[in-house]
Amino acid sequence: MFPTLISIGPFSVHSYGLMIAAGFIAALYFVRRDARKADIDPLVLTDMAFWTLLVSIAGTRLLYIAMFPEEFSWSDPLGWIAVWQGGLVFQGGPPAGILFCYFYLKRKKLPVWRTADIILPYLPLGHALGRVGCFLNGCCYGHPSNLPWAIPFRRVPWDLTQPPVGSPPFLDHLRHFSDIHEGSRWSHPVHPTQLYEAAALLAIMGVLLLLRKKWRPFDGFTLPAYLFLYGVWRFINEFFRGDGNPVHATGLTDQQVFSVLFALVGAGLLVGITLRRHRNTPER
């Protein structure tokens, strides 16, 4: 793991924050490109993207705080906003970001749902690069596994005279496995769930772009399609996660409950809007 890529005096470049920034820039590039093709001012979408990013990060952080309040203390006020160190729950971002975009586009008098079809296919791209940041940071890791592609995470720091800090999989295994001890250098190999999700998100982006080109039943269809596809995938991926997501009373993790809601809302919107449009189409 490489949580810090560069450190010069008080200045540090964190891999997690860098990959979030890279994901934002990559997604924005393609959104601006497609906006020009659709005769929509890309500068308006650039301004909206900046504020949407801030609103979405706030949503992901607030949900993380709500799920893991024991990690925060008023004696460390900086810790509440230190998102560059990780600690975001993605499902808190889309509702906040979507609502903000809706009202922003309304205010700018742009076609909301046609613009959504420009933006949403590239949301998974930004998210996928963010998941690579999770991998480099060592968070959002999976259960121990003997599969050939399972990956161990290193002890931080390497100096065995110093206590290990900052490597979530290693610290977790140090607490729960007797064969991992202070003198160990690596955690057990685990499912690289961050990379599973990055690959799935790129696939979702491909599906949305293909559907937008070949199908497109109505303006804005990418929103319910995205919610459904991501909800289904995240529900599955949670079975491989080993980073202690809280378990709901149903026996599912809180993340799986959120994923079910995402998928149900997406499927409901897609079916409901399609049926309504079908009823409103005059017979020939």
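At 72% relative accessibility, Asp39 counts as exposed, where buried means under 20% relative accessible area, exposed over 50% and partly exposed in between, with a 1.4 Å probe and protein chains only. Asp39 lies in the loop between α1 and α2, helices being DSSP runs of H or I with at least four residues, numbered from the N terminus. The phi of Asp39 is near 60°, a positive value in a residue other than glycine.

Lys109, in the loop between α3 and α4, is likewise a residue other than glycine with a positive phi, near 60°, and its relative accessible area of 73% makes Lys109 exposed. As background, most residues other than glycine have a negative phi, and most peptide bonds are trans.

## Basis of the model

This is a predicted model, in which local features need pLDDT of at least 70 and side-chain atom pairs count only at pLDDT 80 or more, while totals for chains, interfaces and linings use all residues. Residues are numbered from 1 along each chain as its sequence is written, and side-chain values use heavy atoms, with hydrogens and water left out.

## A cis peptide bond

The peptide bond that leads from Val156 to Pro157 is cis, with omega near -5°. Pro157 is placed in the loop between α5 and α6 (168-176).

## Helices α2 and α3

Helix α2 (residues 42-67) packs against helix α3 (residues 93-107) at an angle of about 150°, with their axes 8 Å apart; such axes are lines fitted to C-alpha atoms, for helices over the stretch in contact, and the angles run from 0 to 180 degrees between N-to-C directions. The two helices α2 and α3 are therefore roughly antiparallel, a term for angles over 145 degrees.

In their contact (heavy atoms within 4.5 Å), residues of α2 including Trp51, Val55 and Gly59 meet residues of α3, among them Ala96, Phe100 and Tyr104. The residues of this contact of α2 with α3 divide into ten nonpolar, six polar and one charged, where Ala, Val, Leu, Ile, Met, Phe, Trp, Tyr, Cys and Pro count as nonpolar, Asp, Glu, Lys and Arg as charged, and the others, Gly among them, as polar.

## Helix α7 and its surroundings

With 22 residues, α7 reaches 31 Å from its first C-alpha to its last, close to the 32 Å expected at 1.5 Å a residue, the expected span being 1.5 Å times one less than the number of residues. Among the buried residues of α7 are Tyr196, Ala200, Ile204 and Leu208, and the buried residues of this helix pack against α1 (15-37), α4 (112-119), α5 (123-137) and α8. Gly206, which is found in α7 (residues 193-214), is instead partly exposed, with a relative accessible area of 36%. Just after α7, Arg216 takes a positive phi of about 45°.

## The pairing of α7 with α8

The axes of α7 and α8 come within 11 Å and cross at roughly 155°, and these helices are therefore roughly antiparallel to each other. Residues of α7 such as Thr193, Glu197 and Leu201 meet residues of α8 that include Tyr226, Tyr230 and Arg234. By class, the contact of α7 with α8 has eleven nonpolar, three polar and two charged residues.

For helix α8 (residues 222-237), the end C-alpha atoms are 22 Å apart, which agrees with the 22 Å that its 16 residues should span at 1.5 Å a residue. The buried residues of α8 include Leu223, Ala225, Leu227 and Gly231.

Terms used:
Angles under 35 degrees count as roughly parallel, over 145 as roughly antiparallel, 65 to 115 as roughly perpendicular and the rest as oblique.
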